[in-house]
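Subject: Structure handover

Hi,

Here is the structure I promised to pass on. Please have it open while you read, and my notes follow below.

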Amino acid sequence: MAIRRVLFLCSRNRLRSPTAEQVFGAWPNLEVDSAGLADDAATPLSAEQLDWADLVVVMEAVHRRRLQSRYRARLKHKQVVCLDIPDRYDFMQPELIELLLRKAGPLLR
């Protein structure tokens with residue numbers, strides 16, 4: 001089975017997307033990375049990360065809109081999925097992990 005490259009995005013790359021990167025990083029046939037869309041993100045999104053990814057997973061609709069307004073040309077043949085996970089969880093919080101597994105897990109199996 002081919003390796004899928006999945007990029008997880010949130011605002012500041014401190015809580016949700018790094019948690020997703022940790023949770024799915026050990027899954028077979030996946031390579032994962034994460035970044036943030038805010039200027040002050042721990043790891044700001046780069047064009048190289050977008051080019052690398054097969055699938056882009058955002059946490060909120062606002063992230064999808066921001067991504068499309070900044071990187072429309074690079075998203076032409078990318079699948080972008082929104083999980084609708086609000087910014088109210090801590091890094092590796094069990095409720096966040098459960099949500100990620102329930103919402104993203106089926107996409108990544």
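The buried residues of helix α1 are covered by elements that include β1 (4–10), β2 (30–36), α3 (61–71), α4 and α5 (105–108). Buried here means under 20% relative accessible area, with exposed over 50% and partly exposed in between (1.4 Å probe, protein chains only). Contact means heavy atoms within 4.5 Å, and the elements are DSSP runs numbered from the N terminus, with helices (H or I) of at least four residues and strands (E) of at least two.

A word on the source: this is a predicted model, in which local features need pLDDT of at least 70 and side-chain atom pairs count only at pLDDT 80 or more, while totals for chains, interfaces and linings use all residues. Residues are numbered from 1 along each chain as its sequence is written, and side-chain values use heavy atoms, leaving out hydrogens and water.

Back to α1. Of its 9 residues, 7 are buried, so the helix is largely enclosed by the rest of the structure. Those buried are R16, S17, P18, T19, A20, V23 and F24.

How does α1 sit against α4? Helix α1 (residues 16–24) packs on helix α4 (residues 94–103) at an angle of about 65 degrees, and their axes are 10 Å apart. That makes α1 roughly perpendicular to α4, a label for angles of 65 to 115 degrees (under 35 is roughly parallel, over 145 roughly antiparallel, the rest oblique). On the α1 side the contact is made by R16, T19, A20, V23 and F24, and on the α4 side by L96, I97, L100 and L101. Sorted by class, that gives 7 nonpolar, 1 polar and 1 charged residues; Ala, Val, Leu, Ile, Met, Phe, Trp, Tyr, Cys and Pro count as nonpolar, Asp, Glu, Lys and Arg as charged, and the others, Gly among them, as polar.

Another residue to look at is Y71, found in helix α3. At 17% relative accessibility, Y71 counts as buried. Beyond its neighbours within four places in sequence, Y71 is in contact with L45, A47 and L50. Y71 and T19 are 52 residues apart in sequence and 24 Å apart in space, C-alpha to C-alpha.

As for the whole protein chain, the model has 5 helices and 4 strands, running β-α-β-α-β-α-β-α-α from the N terminus. Buried residues make up 47% of its 109 residues.

Best wishes

Key
Axes fitted to C-alpha atoms, helices over the stretch in contact; angles between N-to-C directions.
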